[in-house]
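The following exercises ask you to work from a sequence and its model, and each is followed by a solution that goes step by step.

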Amino acid sequence: MDAARPDVRLAVREALHALRSSEDDGRVLSTLEALQRLVGGAGSPARAGERQELATAPFAALLRDLAGKLSAGWPGPNARLEQLGRSFFLQGPAGQAFLALMECVESAAGPSSRLMKTVQLLATFLSQGRLAALMEEQCRQQAQPGPGLFQETLLVRVVGLPDQLANRLQRDTLDAFLPQNYFPLLGEQLVRALQTVVDSLRAGLDCAVGFASQVLGKVCVQGRQKEILGVLVPRLTALTQGSCLWQRVCWRLLEQVPNRALEATLTGLAEAVTGPEVLSRLLGNLVVRHRKAQFVMTQKLLFLQYRHSTRTLQSLLGYLAMDVQRRPLLVQALKELLETWGSSSAIRHAPLAQQRYVSKAILICLAHLGEPELRGSRDELLASMMAGVKCRLDSSLPPVRRLGMIVAEVLSSRLHPEGPPLRFQYDQDDLSREMLALAAPGPAGGSSPEPGPPLTAVAEETPTEMEDRAAETLDSSIPQGGPQGSDSELDSDDELVPYDMSGDQELQRGKAPQYIRDCLEALSTSEDVERWEAALRALEGLVCRSPEATREVSVELAKVLLHLQERTCVAGFEGLRQRGLVAVVVADPARVAEYLTSQFYALNYSLRQRMDILDVLTLAAQELSRPGRPGRTSQQGSPALAASQPGSTTAPDWRVLVEERIRSKTRRFSKGCPRRALASGPNEFNSVAGHFFFPLIQHFDRPLVTFDLLGDDQLVLGRLIHTLGALMYLAVNTTVAVSMGKALLEFVWALRFHVDPFVRQGLLSAVSSVLLSVPAERLLGDLPDELLEARSWLAEVAEKDMDEDCRLLAVKSLLLLERLRDKLLPPSSPVGP
């Protein structure tokens, strides 16, 4: 082998000298053929010593000169020279050939035929699997002090090939060099190189996968994980099935990925695998041995990133649960997840998507952990759960409260399976059903006890289904009396047709009151439950029919309804009470609104009553501002209205009968679609808008003993802001709209940095209401400073706010501002000469 090296070195120098100085094509051809035979051309592979000699600088210079000759077009009609020159790139050392071609591409002045010839040769280089040969060469080389710079250069050129060629070729880039085509090809070549490594290890030869690891890591860190891992992971999944050698090669491949690229590689791998079993085969116990991998998989992917799918979470946590050495990491991850889940700061500042992600991770951890593992950390987990449930139930966002209920139910049932289950009332949707399904123990953990009925089935079972199941159990426990064929079968009523009772109405034993004062007396002092219920059901109709009588006792009636409590199980009690209050406010808006707004900041009211006041004011303002609402005069003495009331004895108007008879006797050959006239009329909310709005906005910063809007009662503050925004929107085209808008913008400016997302959403909605309700001319004329301040704040919220809904509302408000500016300030016309 040593005797062959001087021959190769001499042949390389002769070929280089002939190529540079000789003009005789025959001499050049004979010299190159001698070199090709010596180094392994024509089907005879070169020996190891000869291959090492080809890595010297003279051979690299020879390849660079050959690349220049081929790209410029070989002089003379001899096609054998060009074919021979191409063979050195397609059969010789792949690393040297690849670098020579890339240097020729970079040295080209610009898009030209010379550049395209080199690029086409490079495309042939890729299509014939020379990238695999390039990586095989680097994997066969032992650790030497020399090739470090060469490998680094080779790594940069291999991974950056699409970008480098795109910069040179621009629009003329070949399809083979597009990223979506090149990186899957690189993944296939990487698998072929690993196959060579496995074959060499089986033959007892030494190999290293360090260069392949660097290629994989550099591709992933550049954001091309999906392209390369989409090809690499399915192939490795099949190859590692039942092959311990392939598994160890994969472990070594991922272990030697550089630290700076490990996060991107492991993230892409967790997204690409089909389950925790595949991830366990490809990674082994890397998370136990490698501190950076442990940090990425137990911290980064669980706490700092939340864009991953539920399947990725299941693969990651299932991987931690599949080995005894990795299960302590799963227990520690559950503790830290619950600590984050129960942190009040995280609840206020973390986006809702991240909170869902952490909640799903907690439920998946519980599904993989058994009772003995949970028993050792029961007290710590319970403390975190109680703190988190309290903070989440205090949140003003319904999705946050629902997450707290679901996780608390599952966690309490796992930590205390012997005790009574914790149950909350919440609406079932796709997210809640998915989360309950995640909590079901799976086979991956291996140590979880056999559970009782699934949580999903218990949560989705309706009361009717529970009663039916209990009835079936009861029937099965009762002994059946009477032998078969007894006379009881003759008395069966199964063949009788049931009587139709669908039109029947429940008899009202209590007589409904006919006057407002009787209704007020029944609701406030009557001990007769039936009379009380009848008065509650008749109240709304009485108020609508007798607005004048209602105004005489409107405040007393509003006070009774505000403090009214349910005595019996009345169907729709809250709706009846609310509609009655709304009808009273509509009948006497100024006085009743003044009373309700004063009671909103009074002592000894529950939060539920204060929010009821806000709801009633909003609904009443909506009814008063509705166009075409029946006015007070039409409600008093209209015969048509009186005839339409239930139980009325007034005969219908004779004109209506005559017109109906004429319409039925008249034949029309063409008749268009009947058009309903658009409802119109004065906005009755105009004169009373100030009574609804200004008392609510005056005392929000004055804390009471049991009521603090700027403290713990953030839910009521959010509802107050949404109510003020609704009142502002309903006051459109009213005379007081400008004053209301200015006061509301000052209110928004005082609370713009509130930590609760529900409050910030209300503030942003209020700004939109101001922009929609106040005339554009008055906005720019009377509120220019407020608009400038609001615009800067909206831009900051749209860019930096953690809540997605807040960012969306801020963008909508900015669009409204731009529309107002374009409306009032049209583009200036070009100035003429």
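**Exercise 1.** Locate Leu 397 and determine whether it is buried or exposed.

*Solution.* Leu 397 lies in the loop between α24 (378-393) and α25 (398-415), where helices are DSSP runs of H or I with at least four residues, numbered from the N terminus. The model is a predicted one, in which local features need pLDDT of at least 70, side-chain atom pairs count only at pLDDT 80 or more, and totals for chains, interfaces and linings use all residues. Residues are numbered from 1 along each chain as its sequence is written, and side-chain values use heavy atoms, with hydrogens and water left out. Because its relative accessibility is 11%, Leu 397 counts as buried (under 20% relative accessible area, with exposed over 50% and partly exposed in between, for a 1.4 Å probe and protein chains only). Leaving aside neighbours within four places in sequence, Leu 397 is in contact (heavy atoms within 4.5 Å) with Pro 757, Phe 758 and Gln 761.

**Exercise 2.** Describe how helix α40 packs with helix α42.

*Solution.* Helix α40 (residues 714-730) and helix α42 (residues 757-773) pack at an angle of about 10°, their axes being 8 Å apart; axes are lines fitted to C-alpha atoms, for helices over the stretch in contact, and angles run from 0 to 180 degrees between N-to-C directions. Among the residues that make the contact are Gly 718 of α40, and Phe 758 and Gln 761 of α42. Phe 758 and Gln 761 are also among the contacts of Leu 397.

**Exercise 3.** Which residues of helix α10 are buried, and how are they arranged around its axis?

*Solution.* In helix α10 (residues 161-169), the buried residues are Leu 161, Pro 162, Gln 164, Leu 165 and Leu 169. Seen down the axis of α10, these residues fall within an arc of 165° (the arc of the directions from the helix axis to the C-beta atoms), so they line one face of the helix. They pack against α6 (94-107), α7 (113-127), α9 (148-159) and α11 (179-202). Just after α10, Gln 170 takes a positive phi of about 55°.

Technical notes. Helix = DSSP H or I, 4+ residues; strand = E, 2+ residues; numbered from the N terminus.
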